[in-house]
Amino acid sequence: MSDVYVDSVTFVYKNTEEPALREVSCRIDAGSFVGVTGPSDAGKTTFCRLLPGFIPNFFGGDFEGSVTVGDVDTSTTSITSLGNAVGYVFENPFDQLTGAATTVLEEVAFGLEQRGVPSAELERRARAELERVGIVDLAERDPNTLSGGQLQRVAIASVLALEPAVLVLDEPTSQLDPDGTDAVFDAVSRIHAAGRTVVLVSQDLQRLAPRSERLLVFEDGRLVCDAPPREVLDARSLGADRSFDDAVRVPPTVDVGRRLRDRGVVPADRPLPLTVAETVEEITRHAEVVTTAIPNSDSVPDGTTRGSSVDPRIRIENARHVYESGVEALRGVTLAMNGGCVALVGHNGAGKTTLAKHLNGLLRPTAGRVVVRGTDTRTASVAELSADVGLVFQNPDDQLFRATVEDEIRFGPENLDRVDAETRVEAAIEQLTLDSVRESDTYELGRAARKRVALASVLAMRTPVIVLDEPTAGQDAAGVSIIGEAISDLVAEGRLVVCITHDVEFVRAHADRVIALSAGEVVADGTPREVFADEAVMDEAGLRAPIVTRVGEALGLRGVLHVDDLLERLA
Amino acid sequence: MNGEPVAYHPDDSVVHRLHPVTKVVLLVCCILGAYLAPVPVLLALLAALAGAASLAGVGRAVGRAAVPILVPLGVGLLVIHGLFTKGAGVALLAVGPVTLWREGVLYAVSFFGVLTAFVLAGLLFVTTTHPKKLMVSLTEKGVPRKLGYVFVASLQLVPDLQRRAGRILDAQRSRGLDTSGSPRNRILALVALLTPLLIGALISTRTRSLALEARGFSIEGPRSSLYSLVESPLDHALRVAAVLGVVALVAWRLV
């Protein structure tokens with residue numbers, strides 16, 4: 001087994017001035033599970049690239065210090081040789097595949113073929129790795145037909161086939177839905193249980209913290225904390241003047257745990273809960289639950305309509321959409337939307353993106369109709385409808401193309417021929433806190449910041465309706481907060497914001513209305529409290545309720561949406 | 001985007017089972033043969049290709065892919081040669097000032113036959129040849145391994161780029177980009193489409209090259225393969241027959 005030693009590493013990428021890593025030292029014991037977290041662009045990916053020797057062997061720059069895996073110095077060993085000791089799984093599930101395999105089995109066997117493993121053994125070993133990550137039934141499938149979660153497990157099996165002692169995963173779930181994310185975390189847990197060392201980068205501390213023996217927190221290129229997760233998340237153990245709440249997305253169970261301690265419900269010296277089960281256990285141990293009904297005082301805001309308002313901004317009447325392939329993605333959807341923040345939820349393939357593309361005319365209904373501010377989308381071009389509906393897609397790299405951030409944001413208002421384009425650009429830059437990077441090349445920014453640039457470029461169009469596809473995916477704590485505030489501002493200005501998202505915690509905090517889709521049909525439409533309390537709907541939509549709602553349900557309380565709902569019912 | 005690009009159709013027909021090198025030889029000989037052959041032999045070749053496509057169960061896929069290529073080609077040939085290749089000056093049809101020349105039509109039809117053979121042979125090859133097995137067999141015959149990889153990877157790159165281009169176009173139109181109208185609009189649309197496409201392709205390539213390197217693509221030493229390819233007597237017979245056929249056609253042309 002191989003311990004990993006990182007000793008005083010400082011690294012500056014070629015053509016940049018600021019170090020991506022500064023004096024980083026740590027030891028990763030063989031067989032341990034180490035979580036890595038911190039804000040975007042803090043050095044997490046750069047740290048991971050040290051372990052398989054990508055730095056300094058592939059990414060050039062000024063490298064100081066040393067990294068050893070077992071007794072191998074990574075700076076003097078080829079990436080190929082290190083591939084036998086350290087397996088690396090990238091963030092993007094598609095780009096890391098060979099691009100030359102027609103089946104999943106071929107993809108997983110690729111590395112073994114390069115090493116001349118006897119043909120008789122190839123298939124057996126490849127299938128064994130697929131079994132380990134739970135997708136052996138996909139062995140004969142074309143990789144191009146798999147979901148992101150399935151592809152990411154193919155990638156894990158492909159590197160595991162080389163039997164590395166250390167598995168490094170760089171934000172492997174940031175582009176996946178909840179099912180895919182759970183499947184990848186479960187597969188990684190099994191791999192760790194079988195004795196391998198795991199180093200996993202994620203912003204998702206609700207899933208990462210319970211599995212990790214240690215959390216490494218990076219900020220501005222420095223390793224600022226290396227401790228067990230409960231210590232990292234407990235300000236008291238770090239000293240009164242230090243908290244990482246601004247650097248990490250605090251898991252909701254920890255948030256609930258802190259409030260329970262602040263209220264004196266749970267003793268302050270008890271370790272913080274990292275899972276729903278731990279939270280429920282400490283509440284039942286230390287408090288009495290009063291199971292009175294929680295009044296449903298929430299309502300969709302004024303102007304948000306469900307069906308029959310006189311003149312809503314968006315009216316969808318019995319819309320069906322059948323793709324050329326014959327897939328019926330929408331099956332008679334009827335909705336009206338006028339204002340507030342509306343969350344569109346549902347599992348992959350439920351029809352969310354198809355529905356969103358109907359709102360600005362990218363798709364036209366096969367039957368029924370969609371009316372946007374009085375205009376039937378069948379009678380207007382996308383360019384015309386873009387003055388009414390701005391749509392931001394999930395992947396920012398599918399749209400950014402101009403030299404600087406400022407110029408990119410100007411693209412939308414320019415297309416609309418707005419005379420006040422500069423005022424709009426300035427407002428969008430301020431709204432998404434992009435002032436410090438306004439002159440930067442967009443592709444020099446991290447993905448999370450690029451996503452905010454894409455969002456700003458649409459906000460600058462100042463459309464009455466804004467549709468956002470997975471706005472919080474891959475964002476750090478600060479990014480989620482900035483986007484949340486921007487959405488609140490838009491709603492306060494009276495605009496309609498439609499969010500397609502799997503992030504139920506974000507929905508809980510920001511949405512006024514939740515529309516759940518399944519198999520192209522609306523299966524629920526109501527306030528977050530109503531929809532999240534309906535277990536049948538949540539199952540059908542492939543979602544898990546927010547943590548505090550699940551804690552409430554485990555205690556016999558239905559409709560818990562906020563920690564205060566819970567605290568009020570504890571004696 | 002015009003539907004899905006033509007791709008390998010997995011099956012176990014006798015055509016699918018042929019050794020990939022045999023299919024490369026047959027493809028090359030079909031192209032040379034169609035070019036050299038007299039009309040009766042060309043017709044026999046076309047019938048053989050159609051029969052092989054049917055036998056392999058890819059007749060419909062080949063037909064669907066061939067029609068959009070061949071119909072415009074056929075119409076173009078007929079118009080250009082029928083109206084402008086006067087030859088001996090025998091008119092087939094005259095309507096006002098427009099005359100359809102007999103010799104031109106005959107030339108267009110025979111050239112169309114040759115092009116049809118090219119297209120059918122190519123499509124039959126692509127739909128029945130397993131890309132990975134092709135790469136393995138070419139490597140075994142001495143083709144550099146990296147060249148084989150580039151060939152197979154490029155087959156998958158086309159549909160990937162098509163999907164990405166569709167997404168980029170959607171995203172830019174959602175920001176008010178007008179893809180119709182004036183030449184200026186169209187050039188702007190092209191820049192807004194191609195820049196993210198190229199940058200995205202470069203980023204993907206960098207990740208992929210790193211992943212390939214880590215999985216041992218550049219490692220020295222012997223390789224193994226999931227697939228063991230066998231050359232049957234049928235393979236040998238077909239290769240010899242195809243080469244002899246081309247030699248015979250060359251001889252016929254020369255005498």
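Reader: What describes the way helix H11 of chain A and helix H22 of chain A come together?

Author: In this predicted model, the axes of helix H11 (residues 252–262) of chain A and helix H22 (residues 547–554) of chain A come within 9 Å, and they cross at roughly 65 degrees.

Reader: Which residues make the meeting of H11(A) and H22(A)?

Author: From H11(A) there are A:Pro252, A:Thr253 and A:Val256, and they meet A:Ile547, A:Val548 and A:Val551 in H22(A). By class, this contact has five nonpolar residues, one polar residue and no charged ones.

Reader: Why is A:Asp170 called buried?

Author: A residue is buried if 20 or more other C-beta atoms lie within 10 Å of its own. A:Asp170 has 20 C-beta neighbours inside 10 Å, and therefore it counts as buried. A:Asp170 has its place in strand S7 (residues 166–170) of chain A.

Reader: Which residues are in contact with A:Asp170, leaving aside its neighbours within four places in sequence?

Author: With those neighbours left aside, the contacts of A:Asp170 are A:Thr45, A:Cys48, A:Val89, A:Phe90, A:Glu91 and A:Val201. As for A:Pro267, which is 97 residues apart from A:Asp170 along the chain, the C-alpha atoms of the two are separated by 37 Å.

Reader: What makes a set of residues a nonpolar core, and which members of the largest one touch the most others?

Author: The members must be buried, must belong to the listed nonpolar kinds, and must be joined through C-beta atoms within 7 Å. The largest such core has 192 residues, of which A:Leu51, A:Val199, A:Leu344, A:Ala456 and A:Val497 touch the most other members. Helix H17 (residues 447–459) of chain A gives the largest share of this core, eight residues. Leaving aside its neighbours within four places in sequence, A:Ala456 is in contact with A:Ile409, A:Ala428, A:Ile429, A:Leu432 and A:Leu434. Another core, of 25 residues, lies apart from the largest one and includes B:Tyr8, B:Val58, B:Ala121 and B:Leu123.

Reader: How do you know that the span of helix H5 of chain B is close to what is expected?

Author: The expected span is 1.5 Å times one less than the number of residues. Helix H5 (residues 102–128) of chain B has 27 residues, for which 39 Å is expected, and it reaches 39 Å from its first C-alpha to its last. Among the buried residues of H5(B) are B:Gly104, B:Ala108, B:Leu120 and B:Ala121, and what covers the buried residues includes helix H2 (20–36) and helix H4 (59–84) of chain B.

Reader: How does H8(B) stand against its expected span, and what do its buried residues pack against?

Author: H8(B) has 32 residues and reaches 46 Å, close to the 46 Å expected. Its buried residues, including B:Ala192, B:Pro196 and B:Gly200, pack against helix H2 (54–57), helix H3 (79–82) and strand S6 (86–89) of chain A, together with H7 of chain B.

Reader: How many residues does each chain give to the contact between chain A and chain B, and which element of chain B gives the most?

Author: The contact takes 54 residues from chain A and 47 residues from chain B. On the side of chain B that touches chain A, H8(B) gives the most, with 13 residues. By class, that side of chain B has 21 nonpolar, 16 polar and 10 charged residues.

Key: Residues numbered from 1 in each chain as written. Chains lettered and ligands numbered in written order. Predicted model: local features only at pLDDT ≥ 70, side-chain atom pairs only at ≥ 80, totals over all residues. Axes fitted to C-alpha atoms, helices over the stretch in contact; angles between N-to-C directions. Helix = DSSP H or I, 4+ residues; strand = E, 2+ residues; numbered from the N terminus. Contact = placed C-beta atoms within 7 Å. Nonpolar A, V, L, I, M, F, W, Y, C, P; charged D, E, K, R; others polar. Buried ≥ 20, exposed ≤ 12 C-beta atoms within 10 Å, placed from the backbone.
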